[in-house]
Amino acid sequence: MRLYVPHDERRPQPEPAVTNDGLAFAVGIGAWLIGLAVVLGMLAAPVSFDPARVLTTIAVGLALGITGLLVTRLRRRAR
């Protein structure tokens, strides 16, 4: 087994995979919105949990998802 392969013997790198990043971010944002609906429903029920912590997590997830969606759209326009 060789630990080093000379450059001229290496295989060429494959082409990058084509993905739909906007769809991935949109699905993630949708999942966070479903989570938000569940947590808001749990607030009406007598369940003991820390709503501030859960709502903060959901808010951060939504903010990151929306930021990712905006960055993806800006990159698409720049091309």
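In which segment does Glu9 lie? In this predicted model, local features need pLDDT of at least 70 and side-chain atom pairs count only at pLDDT 80 or more, whereas totals for chains, interfaces and linings use all residues. Residues are numbered from 1 along each chain as its sequence is written, and side-chain values use heavy atoms, with hydrogens and water left out.

Glu9 lies in the segment before H1. The C-alpha atoms of Glu9 and Pro46 are separated by 67 Å, the two residues being 37 residues apart along the chain.

The secondary structure of the protein comprises two helices and zero strands, where helices (H or I, at least four residues) and strands (E, at least two) are DSSP runs numbered from the N terminus. The radius of gyration, taken over C-alpha atoms, is compared with a globule rule of 2.2 Å times the number of residues to the power 0.38. For the protein this radius is 21 Å, well over the 12 Å that the rule gives for 79 residues, so the protein is more spread out than a compact globule. Along the principal axes, the C-alpha atoms fill a box of roughly 65 × 40 × 15 Å. Of the 79 residues, 13% count as buried, and the protein exposes about 7,000 Å², of which carbon and sulfur atoms supply 65%; the accessible areas come from the Shrake-Rupley method with a 1.4 Å probe, and for residues only the protein chains shown count as cover.

Among contacts (heavy atoms within 4.5 Å) with a separation of 6 or more, 60% are accounted for by residues 24 or more positions apart. The largest nonpolar core consists of five residues, namely Ile29, Val39, Ile58, Leu62 and Leu69, such a core being a set of buried Ala, Val, Leu, Ile, Met, Phe, Trp, Tyr and Cys residues joined through side-chain atoms within 4.5 Å. Helix H1 (21–44) and helix H2 (51–78) each supply at least two residues of this core, and H2 gives the most, with three residues.

Particular residues illustrate the contacts in this part of the model. When residues up to four places away in sequence are not counted, Leu69 touches Gly22, Phe25 and Ile29, while Thr72 touches Asp21, Gly22 and Phe25. Thr72 is found in helix H2 and counts as buried, because its relative accessibility is 13%. The C-alpha atoms of Thr72 and Gly22 are separated by 6.3 Å, although these residues are 50 residues apart along the chain.

Trp32, found in helix H1, counts as partly exposed at 33% relative accessibility. Leaving aside neighbours within four places in sequence, Trp32 is in contact with Thr57, Ile58, Gly61 and Leu62, of which Ile58 and Leu62 belong to the largest nonpolar core. From C-alpha to C-alpha, Trp32 and Gly65 are 8.9 Å apart in space and 33 residues apart in sequence.

Definitions and conventions:
Buried < 20%, exposed > 50% of the residue type's maximum accessible area, 1.4 Å probe, protein only.
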